[in-house]
Structure formats: C-alpha cells, structure tokens
Amino acid sequence: VNDLKLLPRPFLDKRENTQLKLPFVFAGTPSFSTLKAAGVVASWFGLQAGSRGAQFPVSLNALPDGNAVVFLQGNDKIDGVKNSEGSNISIQVHPNNPHAKLLVVTGSNEDELARSARAIAMFATTLSGQQVTITKETETVARKPYDAPAWIPTDRPVKFGELARLEELKVHGYFPEIIRLNYRVTPDLFTWRTPGAPLTLKYRATRLPQHVNSSLNISQNANFIQALALNESYKKINETDRLQLTKDEKFEPRTQSLFVPPYVIGGRDQLQFSHYFDIVKEGECKHMPPDNLQASIDAESTLDFSGFPHYVALPNLAYFSNMGFPFTRMADLSETAVVLPGSPNADELGVYLTLMGRMGEATGYPALRHMLVSDADVAKVSDRDLMVIASGRNPSLMTKWADRLPLVQTASERRVREPFKSWWPSYRWEQKDVETTPKSKGSMSLVGAGSLTTIMGFESPLQSARSVVFFFADKASDLRKISDVLTDPERMTSIQGDFAVVDAKSVAHTKVSETYYMGSLPWLTKLRWFFSDHPLLLGLLGMLVSILIAAILYRPLRRIADRRLKRLS
C-alpha cells in the first residue's frame with residue numbers, strides 16, 4: 001500500500017539482517033542544498049538499518065529498477081516523476097516497475113526541500129497517507145555535547161531500566177540465558193589511574209540453601225570482571241524460622257558495588273550477567289535440579305561514567321570507524337562539515353551518503369546540522385571538524401595540505417611518509433613509548449604505482465584541536481571500497497591508526513601523523529599525569545625545592561644554633 005505510515009518499509013524491512021542498499025536518485029547535477037537534504041534522509045535510514053549497515057548508491061537523471069528515494073527541487077523531473085508545489089513527501093509506484101516503490105522528496109526551493117528531509121528524519125512515525133505537504137515547522141532544539149540518544153549519559157549515574165526493558169533483565173530455568181545490557185559510551189573518557197566506572201548492582205535469584213556453589217558471573221565484552229555468590233553456606237533452620245521467611249531480609253535484592261575496568265570499555269559495550277545454579281547430588285533419584293529457578297538484575301542498578309573528564313589523544317581512526325568520533329560528539333553534527341569536489345560524481349556522492357548513514361547509526365539521531373561545502377570553500381568552515389572526500393581527478397586539498405597528509409598524490413607521482421620507530425627512551429606525555437608506529441621521519445616518492453584507496457586522519461590545518469578525516473582514491477570508482485569497509489562489521493575493526501589503506505578484502509593501517517589532543521583535564525590531574533610520566537623532571541624539581549627550602553631556613557636555624565651554643569658556654 002502506498003502509505004507513509006509504513007516507513008521505513010518497503011525500502012527497509014527491519015526483520016532482515018542483510019545490508020541495506022537503497023539507491024538515491026537526483027535529476028542532473030544536484031546542488032549542495034539538495035545533497036544536504038539527501039544526507040539528512042540518509043542518516044535517518046542509517047539509523048533505521050542499525051548494525052546491518054546501509055549504503056546509498058547514487059543514480060543521476062535515471063531511475064534504477066527497484067525501490068529508490070528520489071529528490072526533486074524546482075522544475076526537476078525524472079522519467080515521468082515530477083515535482084509538486086510546496087514541500088512534499090510521497091510514495092509512488094515505480095513508473096517502469098509496478099513491483100517497486102519510490103519515496104519522492106520534493107520542494108519548490110532549497111528551504112522547502114530541506115523541510116521535507118527534516119520531516120522524514122524527525123517525524124516519520126507521524127506521517128500517513130500517500131502524500132503529505134509540510135506547511136510549517138518549528139526548529140529542533142540544538143544538541144549538547146555527548147547527548148546522542150544512542151550513547152549512555154556521562155553527566156550522571158544511569159539506571160539499567162533506562163538501557164533495557166524489564167523483561168530483558170529477567171531469566172528463568174536451570175540453564176538460564178545470559179542477561180545482556182548493551183550501551184555505547186564516548187571514547188574520550190579519561191580513566192587514567194582509576195579502577196573504572198562505578199557499577200552499583202542490585203540482583204535477585206532463587207536461593208536454595210543446599211546449593212552453595214551457585215554464582216552470578218559478571219563480564220563485559222566477554223572479559224570477566226567478577227563472580228558473586230548467590231547462596232550462603234547451608235545451615236539448618238527450625239520450623240519457627242521457616243514460618244517467618246516472608247519477613248526475612250534475605251528476600252530483598254542484594255547490592256554489590258564494583259567497577260567496570262577501563263581496559264574493557266570499548267565504545268560499543270555489552271555487560272553480561274551469567275547465572276550458574278549449583279547441583280546437589282544426593283543419590284540416583286534425588287539429584288534432579290528444580291525447574292522453577294528464577295533470577296533478575298534490578299532495574300535500579302546503576303552505571304556511572306560521570307566522574308571522568310573528556311580528554312583524548314588523536315588522530316585515531318578506530319574511534320571514527322566504531323563511533324564516528326569526534327564528529328558524533330554533537331549528535332546532530334552541528335560542528336561537522338563535509339567537503340566535496342566542486343562537481344562531485346556519483347561515486348563521491350555515494351561515499352558521502354554512506355558516511356551520513358554511519359553517523360546516524362552511531363548517534364541514533366539524524367545529521368540535521370552538518371554543513372556541505374566544496375573544496376574551494378573549505379576556509380568558510382575552518383571552525384568545524386572536516387570529512388573530506390576526494391579522488392585522483394580532484395586532488396586540490398591534497399596538494400594544499402601536502403605537509404599534513406600521510407600520502408600525497410600529485411600528477412603521476414605519489415609521496416608516502418614513512419613511519420619510523422626510534423629506540424631512544426621517551427616519556428609518556430606524548431605517548432611515544434607506547435605507539436607501535438610513531439610519527440614519520442622520512443618519505444618516499446613513487447611513479448607508476450597502482451591505484452590506492454585510503455582513509456587518513458590528522459589535525460585540521462585550519463584550526464588546532466579540530467579533526468580531519470580524508471577519504472581518497474586514485475580512481476573515483478574505488479571510493480566504493482570505503483563504503484564497503486565502513487558497513488562491514490568484520491573489516492571495520494581493522495581501521496585504526498591514522499593511515500588506513502583499503503583493499504577489496506583487507507585493510508592495512510599505520511600511525512604516521514603528529515599526535516594532538518582534544519578536551520581538557522582538571523589542573524591537579526594534569527599535573528599528576530605530567531610528573532608521573534617525567535620522573536627525572538620530578539626528581540630535579542624536588543632537589544631544587546629542597547635547596548630553596550634549605551637556603552631560606554639556613555640563617556634562622558643558624559641563629560638558633562648560635563643562641564643555644566651561647567647558653568651552653
């Protein structure tokens with residue numbers, strides 16, 4: 001049925017687990033305002049697709065055979081699909097395929113088209129009928145840092161009931177399922193020299209006094225944290241105590257305080273609670289376990305990340321591939337700009353839309369406020385984090401930022417900065433001693449090399465503490481490899497460091513660029529961290545302070561000693 005209330009169906013069926021590939025169609029060469037509207041819709045579809053991933057192949061001035069999303073502005077029309085007056089959203093039957101549908105997003109001008117896109121991204125559940133016209137809208141409230149709906153809040157303790165439904169926190173049976181609590185946390189939490197995130201756990205379980213070995217095992221991401229005993233040692237009770245069991249405090253939920261260690265926190269995390277019920281064997285016919293065992297984790301249990309400052313060393317492409325960080329620091333991407341060639345082709349647009357889909361999935365919120373500019377206008381967005389998409393046919397920013405990039409392609413020559421590892425001891429303030437491949441100490445130029453597809457991260461040349469992720473392929477068609485790897489859960493984890501080379505089946509990575517930092521630390525924490533990693537400086541400072549104190553106290557102590565000697569004489 002052609003009804004908007006069914007969205008995202010038929011374009012996406014959440015019961016499927018295969019990757020979503022939904023074509024986006026534009027008439028001719030789309031304007032940047034049209035492309036931004038498409039990016040907002042792509043971020044919403046990416047959010048709906050979830051972990052299965054979503055790609056959006058681009059078709060220019062031609063309809064694909066199957067389902068598609070069509071964007072029309074002004075007098076645009078494609079294969080009989082026309083624009084209508086005002087800001088409209090409609091579902092239509094494909095003119096060349098009666099078994100396919102088109103989601104048509106239109107506007108008489110760029111503002112109306114943007115309004116239609118925002119209506120899908122924010123109010124899709126309220127739409128109904130074959131076509132709706134959006135006559136007015138109220139601007140959404142600007143997001144705050146780290147408030148992405150898909151992320152766990154880091155400014156207060158969070159109850160388990162906010163992260164899971166009550167029925168998901170309960171199990172029953174002798175071999176119960178594992179209780180799994182999924183959450184996402186920003187990767188820039190500074191957990192140095194802390195036991196980890198405080199976890200206040202309240203739990204209940206059927207307790208059989210004879211079953212002394214029953215336990216609750218707590219893990220995160222398959223990393224064991226702690227085991228809690230479910231039963232006390234068996235002791236006989238008299239009949240009077242047995243009648244008073246309903247008043248016994250033992251029926252209240254138990255409470256245990258523990259910590260989720262920093263080394264098991266990975267951004268997309270899962271707490272796992274596994275119950276083991278003991279078997280007491282008393283003979284051939286008496287060791288059958290009861291089948292009515294029950295256990296639950298109380299929804300009032302809390303996990304608290306509020307005690308950690310936000311401070312992180314960058315660049316780190318693992319943060320980007322996993323959580324879209326640092327761009328997703330603002331859920332609506334209000335501090336992000338996407339830089340495209342002046343006349344982008346279908347492959348470059350496909351990567352842009354895939355990136356928007358990834359950002360929507362990572363935050364659980366559409367990318368309403370990102371900016372889209374050409375490489376010639378990049379200076380206008382100098383105060384933003386940048387995603388740059390380029391290919392061998394338009395390497396203008398690559399040439400301009402040659403001193404910052406791990407790889408530079410100019411004409412027929414390619415220059416690659418070579419990682420160099422030094423064995424000279426260094427301190428951890430810049431973390432050089434723990435980097436597997438520190439910053440480059442040389443470079444190499446190649447001529448006649450084959451095609452290369454890369455993802456590069458570095459500090460913005462336009463403003464300090466701002467980030468750039470640069471997507472480049474010698475051939476524009478090879479940019480599809482980036483879309484493939486960013487939507488492949490197995491290969492996505494291979495994107496690390498600041499320089500990743502993407503092939504059809506593999507990803508190689510290294511660390512080349514200079515380290516920079518985002519965020520801030522309390523002055524006392526920063527002082528402790530500095531001196532803990534500079535012991536020689538701390539020793540020298542201690543000596544200087546000792547000498548200074550000795551010099552200040554020398555004369556008073558000398559006078560006291562002289563008076564004492566005079567009294568003795």
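**A buried glutamine**

Analyst: Glutamine 272 is buried, with a relative accessible area of 13%, where buried means under 20% relative accessible area, exposed means over 50%, and partly exposed lies in between (1.4 Å probe, protein chains only). Please keep in mind that this is a predicted model, in which local features need pLDDT of at least 70 and side-chain atom pairs count only at pLDDT 80 or more, while totals for chains, interfaces and linings use all residues. Residues are numbered from 1 along each chain as its sequence is written, and side-chain values use heavy atoms, with hydrogens and water left out.

User: Ok, and which strand is glutamine 272 in?
Analyst: Glutamine 272 belongs to strand 18, residues 268-276; strands (E, at least two residues) and helices (H or I, at least four) are DSSP runs, numbered from the N terminus.

User: What does glutamine 272 touch?
Analyst: Leaving aside residues up to four places away in sequence, its contacts include Ile178, Arg180, Asn217 and Ser219, where contact means heavy atoms within 4.5 Å.

User: Switching topic, why does the length of helix 2 agree with what it should span?
Analyst: Helix 2 (residues 110-123) has 14 residues, which at 1.5 Å a residue should span 20 Å, and because its end C-alpha atoms are 19 Å apart, the two agree. The expected span is 1.5 Å times one less than the number of residues.

User: Which residues of helix 2 are buried, and what covers them?
Analyst: Among the buried ones are Glu112, Leu113, Ser116 and Ile120, and the cover over the buried residues of helix 2 includes helix 1 (32-49), strand 5 (68-73), strand 8 (88-94) and strand 9 (97-107).

User: Now the holes: how many cavities does a search of the whole structure find?
Analyst: The search finds 3 cavities of 30 Å³ or more. A cavity is a set of points, on a 1 Å grid over the protein atoms alone, where a 1.4 Å probe fits but cannot get out, and lining residues have an atom within 4 Å of a point. Grid points are joined across faces, edges and corners, and a volume is the space filled by probe spheres set on the points.

User: How much space lies in the largest cavity?
Analyst: The largest cavity holds about 70 Å³, and of the 14 residues lining it, the closest to its centre are Pro315, Asn316, Phe325, Pro326 and Val469.

User: And what volume has the second largest cavity?
Analyst: The second largest cavity has about 50 Å³, and Val339, Asp375 and Phe470 are among the residues that line it.

Notes:
1 Å grid on protein atoms, 1.4 Å probe; cavity = no way out; pocket = protein on both sides within 12 Å on 5 of 7 lines; lining within 4 Å.
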